[in-house]
Amino acid sequence: MLRNQRRHSRSGASGFTIVEMLAVTMVIAILVGLGLPKLKAVVQKAKIARAIGEISAIQWDLMAIESQNQPLPATLAGVGRAGMRDPWGRPYEYFPFPVSAHGAPNPPGTRRDRFLVPVNSTFDLYSVGPDGQTALPFTAAASHDDIVRANDGGFIGLASQF
């Protein structure tokens, strides 16, 4: 027994074996593998929340102009938001509608709900979302992840939830 103790103390071998290190590495890798999808989901929800907040802020700027009976600007630069990008690095989409002679705008190219009815009456404002693709009706697969303004500002969120 004394010989074994001397041999360990002479060689200075006090530490972890390769097997122990591999076991710890595998446990860490499994934990990271389990947590990473949840982290990605939380980051995605945070980006959606940011886009909703920014669209809401832009909407208030545009509605302030409308409340003064002034025409809407042609671009977001008219409200000091030129070059503003959504959380995925793309510019926000904004389309002011020309007012028709009958008073009810319904120009072609407006965003539409599942019944193909325009969702806004004076302007469209949205982000094309994480995939960067969109289509006019909210029911189209390319539009499901868009963050949209609908019901003239009564709804701001994912098109798939409208």
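Strands β3 and β4 form a hairpin with 4 residues between them, and N151 in the turn has a positive phi of about 50 degrees. The model is predicted. The chain holds 2 helices and 4 strands, and along the sequence these follow the pattern α-α-β-β-β-β. Of the 162 residues in the chain, 29% are buried. Among contacts between residues at least 6 apart in sequence, 52% join residues at least 24 apart.

**Strands and their pairing**

- Strand β3 covers residues 147–150, and strand β4 covers residues 155–158.
- One of the bridges pairs A150 with F155 in β4.
- Strand β3 also pairs with strand β2 (residues 123–127), in the antiparallel sense and over 2 bridges.
- On this side, the bridge partner of S127 is I147 in β3.
- In a regular strand, side chains alternate between the two faces of the sheet.
- In β3, I147 and R149 point one way while V148 and A150 point the other way, and all of these residues are buried.

**Nonpolar cores**

- The largest nonpolar core has 18 residues, and those touching the most other members are I58, L62, L76, Y92, Y94, L125 and I147.
- Two or more residues of this core come from each of α2 (18–67), β2 and β4.
- Helix α2 gives the most to this core, with 6 residues.
- Another core, of 8 residues, lies apart from the largest one, and its members include Y126, F138, V148 and A150.
- V148 and A150, which belong to this other core, point one way from β3, whereas I147 points the other way and belongs to the largest core.
- Leaving out residues up to four places away in sequence, L76 touches I58, L62, R81, A82, Y92, Y94 and L125.

- S127 lies in strand β2.
- S127 counts as buried because its relative accessibility is 0%.
- A polar atom of the S127 side chain lies 3.1 Å from the backbone nitrogen of G129.
- Apart from neighbours within four places in sequence, S127 is in contact with I55, D86, W88, Y92, D146 and I147.
- Two of these contacts, Y92 and I147, are among the residues that touch the most other members of the largest core.

**Aromatic pairs**

- The whole structure contains 4 aromatic pairs.
- The ring centres of F95 and Y126 are 6.4 Å apart and their planes stand at 35 degrees, so this pair is tilted.
- F95 lies in strand β1 (residues 93–96) and Y126 in strand β2, so the pair ties together parts that are 31 residues apart in sequence.
- F95 counts as partly exposed because its relative accessibility is 38%, whereas Y126 counts as buried because its relative accessibility is 6%.
- The ring centres of F138 and F162 are 5.6 Å apart and their planes stand at 85 degrees, so this pair is edge-to-face.
- F138 is in the loop between β2 and β3 and F162 is in the segment after β4, so the pair ties together parts that are 24 residues apart in sequence.
- F138 is buried, with a relative accessible area of 4%, while F162 is partly exposed, with a relative accessible area of 30%.
- One aromatic cluster is formed by F138, F155 and F162.
- Within this cluster, F155 is the residue in β4 that has A150 as its bridge partner.

**Charges over rings**

- The charged end of R111 sits over the ring of Y126, at 4.2 Å from the ring centre.
- The charged end of R149 sits over the ring of F123, at 3.8 Å from the ring centre.
- R149 is one of the buried residues of β3 and points the same way as I147.

Terms used. Residues are numbered from 1 along each chain as its sequence is written. This is a predicted model: local features need pLDDT of at least 70, side-chain atom pairs count only at pLDDT 80 or more; totals for chains, interfaces and linings use all residues. Side-chain values use heavy atoms; hydrogens and water are left out. Buried means under 20% relative accessible area, exposed over 50%, partly exposed in between (1.4 Å probe, protein chains only). Two strands pair if DSSP finds at least two bridges between them. A nonpolar core is a set of buried Ala, Val, Leu, Ile, Met, Phe, Trp, Tyr and Cys residues joined through side-chain atoms within 4.5 Å. Contact means heavy atoms within 4.5 Å. A polar contact is a pair of N or O atoms within 3.5 Å; within protein, one must be able to donate a hydrogen and the other to accept it, and residues adjacent in sequence count only if both atoms are side-chain atoms. Rings of Phe, Tyr and Trp (its six-membered ring) pair if their centres lie within 6.5 Å; planes under 30 degrees apart count as stacked, over 60 as edge-to-face and the rest as tilted. A charge sits over a ring if NZ of Lys or CZ of Arg is within 6 Å of the ring centre and within 35 degrees of the ring normal.
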